[in-house]
Amino acid sequence: MSDSPSSEAPRSVALGEQQIPEGPALYVVATPIGNLEDITLRALRILAQVDTILSEDTRKTGILLKHYGLRTRQKSYRVHQEEQDLATAMGFLREGRRLAFCSDAGTPGISDPVSRLVRTIRAELPEVLIVPIPGPSALAAVRSICGWQAHPAVFGGFLSPKPGRRRKFLKARSELEAPGSGSEDLIVLYESVHRIAGLLEDIRLVFPDRPILIGRELTKIHEEIVILEPETVDQDWERALEGLTRKGEFTVIIGPRRASF
C-alpha cells in the first residue's frame, strides 16, 4: 500500500537525544499506509540514526524522508532481486552497519518483504540485534473500526489471483465455521483494484449470511468505509456496491453472523 505525496516543505523533527546502540542491527520500521502524519516519533528517530535504510521502493520511502527532512542513505531491497539484495544486506551487517527496513507502506513482514532477511540473520548472524519498530498497519486500522469483537481473527492477506484457488480458501474457512461449530473468526483480506469485484462476489456466494466491511484507501484523502449487510444478497449486487469507488487498495473483513455479534 503506497504513501500519498505531500506538497508541504520538509520540516525538522525533535527526535530527542537517545541514541541507538553501536554495532550491527536491523530495525524493522512500520511506515504510514497513506497519511504521512501517522509515522511515530520513535520511527523517525531510528530512520535518522541508522547507517542505511533498506527500502522496498526508494521513491516511496524517499517521499517520507523528504517530508521530515531526513537524509539517511537508502538502498533498494527488491522482491524480484531478493537473492542479490539479501546478500548485500548481510554484507552490510558483517561490516557492522545499523540498518532499517521499510516496505512500501505499513508494517514489514505482514504482506511485505523482510521475513527471509530476518530468518537469514538469525541463522547466520545470531549476534545481530533485530528490533521491531511498530506503527501503521492496514490490518490493525480496519480491525479498530469494524465494531466486531469475534476472536480470533484470521488474516489471509492477498489471496491467489486464480479464482478457483481463491474460492477454495473461502470454502475451507466456511466449512470450519459452519453454524453450530463453535468456531467463527473474523477473516481479514487484502485485495487490489483489479480483483476486488471478483473477491467480493466470491465472499457473497460462500458467506451469504455474514456482513462484509470494505476499507478503501485507508488513512488517505479519499478513504472510504463500506459495510454490506447480509440482506444485500437479496438485492442487486452492483447497486449495493454503487457507493464503493473502484480505485485504490482494499482491506476487507468478513464479519460474524448476527447471532455472534
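Reply: Start with the axes: these are lines fitted to C-alpha atoms, for helices over the stretch in contact, and angles run from 0 to 180 degrees between N-to-C directions. Helices (H or I, at least four residues) and strands (E, at least two) are DSSP runs, numbered from the N terminus. This is a predicted model, in which local features need pLDDT of at least 70 and side-chain atom pairs count only at pLDDT 80 or more, while totals for chains, interfaces and linings use all residues. Residues are numbered from 1 along each chain as its sequence is written, and side-chain values use heavy atoms, with hydrogens and water left out.

Me: At what angle do the axes of α6 and α7 cross?

Reply: Two packed helices are described by the angle between their axes and the distance between the axes. Here α6 (residues 163-176) and α7 (residues 196-206) have axes that come within 10 Å and cross at roughly 35 degrees.

Me: Which residues in α6 and α7 meet?

Reply: Contact means heavy atoms within 4.5 Å. From α6, Pro163, Arg166, Arg167, Leu170, Lys171 and Ser174 meet Gly198, Leu199, Asp202, Ile203 and Val206 in α7.

Me: Is serine 55 buried or exposed?

Reply: Buried means under 20% relative accessible area, exposed over 50%, partly exposed in between (1.4 Å probe, protein chains only). Serine 55 is in strand β2 (residues 52-55), and it counts as buried because its relative accessibility is 0%.

Me: Where is threonine 31?

Reply: Threonine 31 is in the loop between β1 (25-29) and α1 (41-49). With a relative accessible area of 3%, threonine 31 is buried. Not counting residues up to four places away in sequence, threonine 31 touches several residues, including Leu64, Cys102 and Pro136.
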